[in-house]
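Please consider the model shown below.

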Amino acid sequence: SCPYSDVLSSEEIVRYSRQIIMPQICKSGQIKLKESKILIVGAGGLGCPASLYLAAAGVGEIHIVDYDEVELSNLHRQILHYEHDIGLPKVQSASEKLKRLNSNIKIVPLHIHAFSSITDFVQKNKYDAVLDCTDNAPTRYLLNDICVIHNIPLVSGSALQMEGQLTVYHYNNGPCYRCLFPKPPPAHTVTNCGDGGVLGSVCGVIGVLQALETVKILTQMEGVLSGRLLIFDGSETTFRNVKLRQRVTTCEVCGDNPKIKEPVDYEQFCGARAHDKVVNINIL
Amino acid sequence: SCPYSDVLSSEEIVRYSRQIIMPQICKSGQIKLKESKILIVGAGGLGCPASLYLAAAGVGEIHIVDYDEVELSNLHRQILHYEHDIGLPKVQSASEKLKRLNSNIKIVPLHIHAFSSITDFVQKNKYDAVLDCTDNAPTRYLLNDICVIHNIPLVSGSALQMEGQLTVYHYNNGPCYRCLFPKPPPAHTVTNCGDGGVLGSVCGVIGVLQALETVKILTQMEGVLSGRLLIFDGSETTFRNVKLRQRVTTCEVCGDNPKIKEPVDYEQFCGARAHDKVVNINIL
Amino acid sequence: MHITVEFGGGAELLFDNKKSHDVTLPEKDKEWIIKDLLIWIKDNLLKERPELFLQDESVRPGILVLINDADWELMDTVNYVIQENDRILFISTLHGG
Amino acid sequence: MHITVEFGGGAELLFDNKKSHDVTLPEKDKEWIIKDLLIWIKDNLLKERPELFLQDESVRPGILVLINDADWELMDTVNYVIQENDRILFISTLHGG
Ligand SMILES: [Zn+2]
Ligand SMILES: [Zn+2]
């Protein structure tokens, strides 16, 4: 069946039957999922579970951006990559699996550096949602600004060691990343998963929850995590749902008189590089 | 390297490096994971993500029980199964992927009916933890009683529509399933995912959290979800962590003078059948 | 007396699919205990099929009662004396997977 | 005055790796506001490298302050008047993925 048809095939009706029978989804929600196009930035610890559950749920077109290749040290948490994928681009490894899982949808692997080329892709495509599954502050500011400029909700997850955080930016008059963090963190206070470590299942919880928020956005459900931050502590298995500020009217990008109307120099802004790679640490 | 060695190979050190550098795991925790043997009952919506994250984390030996074959309507949530797996036993489909993900560990697919044969397997194997990823009340009572009788912690997850629940039974003097539910629910009040539907990512959150609790049990971390119940409402993305009763001294299986010393007739006890299959519902 | 009565795990289906109810309990001579509340819920909130909620003057098997996020077994179950602003949650256990 | 001061997202590493601190603030002439608390924390709880926690008489960029689970921007930030039993959480944002 044509992936752009607004009618579900009988194969699709059976495939998605267990979610179509839910009153929150039903057939209209399934069609909305099918007609959606999303961008997932990062095919690592968050992007793997997020893309897996969104492909399984029937999101019609999924673009995945990552410039890295699969390494052995990724496999404990980046669960779309297997041993024989080591050395392949992560987006290739991921998209092969996702296509085998669901041939009804379109998976577009983008083996590009998010940092240098993403602006073009967002300009060319009308994404219904963007998932921030990246690993560094400059890219997080870049994605935020692009999403605000193009008016796309940004489903933002992060994880480190036993903790995770999740929120949706620029949705339903909620705040954007810059509303919360107008100034970047000092570069030496930012720790990535390569340096600090992370438990795979902690990434997994946040990545799957990113998929859930995306499904809720695409099907126009209530209860999206906008203006709220979910704080997960895996060491106690506790979650806190805290209330965030509203959109800040003086925000440089989403405020009433925005200064930032196109992407700026984020590496200079953050005083940090935007790559995910870390030098291997000898822990022996 | 020998999967039973208590020394990690240099390949394993690199593979698990991002969790070994965490103070909560370090090398001793990784060795504990490698020396562990667990049983996952159910290779469906909960068992798929749980087994995926436990295999990736390096649990040394994973037995997976399921009698069903992969159906098209499973694929939206049972994310280890792809289109070409339809018709195969779920345990075969799952174990093929898990072996490709991690050849250092032993995956044992058990294509048996949990209900009829599981007692033998628990008697023969000294499991360090059992994961209840099943779909019906009789099997949940059966697993509870076997785990109490053999003194094994039971990591219990469940999901339906937009909601999920998670707890660990019979651990650290916490309650067992029978302590909470001495009487079974009336059979007509029990809804499974086939009948009521479920969102894939809601299963995913609970299944990944089951993997997390299992890692914490196997590495002897604090903060295991025993004597507490996590209640997840995906429609609002809220989690509640409620305090449960202690072990009940008069409990028929884990109490001070237990009546139940071997499995009983659970289908009669619950007035319900213990199979997961449902007649396909015509939702057109 | 104001309290919040909540339903989850499917129990809300018996209550117009509403998960949270702001409830003002009428004044009465004696203190309100959970046993009284169950009757009040049956008469005032329950929309259908009381046997799916109540059984033998308590909740039916398979429903957990949580008073301010603690198991009612820790608080004397049906005899707990309800306090102003208590949050009382009735949750069906899920079995799906 | 008793309050709970909490740290998360890695901020606890500056506080002996302890995530929750029961704090009794000494009595003083004027009310305690968050600005006073920041100085008190620096003098009494902070174990190392204050520049990773404080900057320009506020918290450093990248740390969110939550007063009873609400963003301090909703409560006048450093000028919020602390109340008995408040829970004040300082959480570093995570960037890993
Ligand atoms: Zn903004
Ligand atoms: Zn018991």
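Q: What makes Arg240(A), Glu6(D), Asp69(D) and Arg87(D) a network?
A: Arg240(A), Glu6(D), Asp69(D) and Arg87(D) are linked by salt bridges, a salt bridge being a side-chain nitrogen of Lys or Arg within 4 Å of a carboxyl oxygen of Asp or Glu. Side chains of opposite charge can pair when their charged atoms come close. Over all chains the structure holds 40 salt bridges.

Q: On what basis are the atoms and residues treated?
A: This is a predicted model, in which local features need pLDDT of at least 70 and side-chain atom pairs count only at pLDDT 80 or more, while totals for chains, interfaces and linings use all residues. Residues are numbered from 1 along each chain as its sequence is written, chains are lettered from A and ligands numbered from 1 in the order in which they are written, and side-chain values use heavy atoms, with hydrogens and water left out.

Q: Why is the pair Lys34(A) and Glu12(A) called a salt bridge?
A: The closest N and O atoms of Lys34(A) and Glu12(A) are 2.8 Å apart, and the criterion is within 4 Å. Lys34(A) lies in helix α3 (residues 26-34) of chain A and Glu12(A) in helix α1 of chain A, so the pair ties together parts that are 22 residues apart in sequence. Helices (H or I, at least four residues) and strands (E, at least two) are DSSP runs, numbered from the N terminus.

Q: Are Lys34(A) and Glu12(A) buried or exposed?
A: Buried means under 20% relative accessible area, exposed over 50%, and partly exposed in between (1.4 Å probe, protein chains only). Lys34(A), at 6%, therefore counts as buried, and so does Glu12(A), at 2%.

Q: What links Asp85(A) and Lys97(A)?
A: The side chains of Asp85(A) and Lys97(A) form a salt bridge, at 2.8 Å from N to O. Asp85(A) lies in the loop between β2 and α5 of chain A and Lys97(A) in helix α5 of chain A, so the pair ties together parts that are 12 residues apart in sequence. Asp85(A) counts as buried at 0% relative accessibility, as does Lys97(A) at 1%.

Q: Where do the buried residues of α5(A) pack?
A: They are in contact (heavy atoms within 4.5 Å) with α1 (10-15), α4 (47-57), β2 (61-65) and β3 (106-110) of chain A. Among the buried residues of α5(A) are Val91(A), Ala94(A), Leu98(A) and Leu101(A).

Q: Why is the site of the zinc ion (ligand 1) called tetrahedral?
A: Cys176(A), Cys179(A), Cys251(A) and Cys254(A) coordinate the zinc ion (ligand 1) through SG atoms at 2.3 Å; donors are N, O and S atoms within 2.8 Å of the metal (3.2 Å for Na, K and Ca). Four donors count as tetrahedral if all angles lie between 85 and 135 degrees, and the angles among the 4 donor atoms are 91 to 118 degrees. The donor residues are spaced C-x2-C-x71-C-x2-C in sequence.

Q: Why does Cys251(A) count as buried?
A: The relative accessibility of Cys251(A) is 5%, so Cys251(A) counts as buried.

Methods
Tetrahedral: all angles 85-135°; square planar, octahedral: opposite > 155°, others 65-115°.
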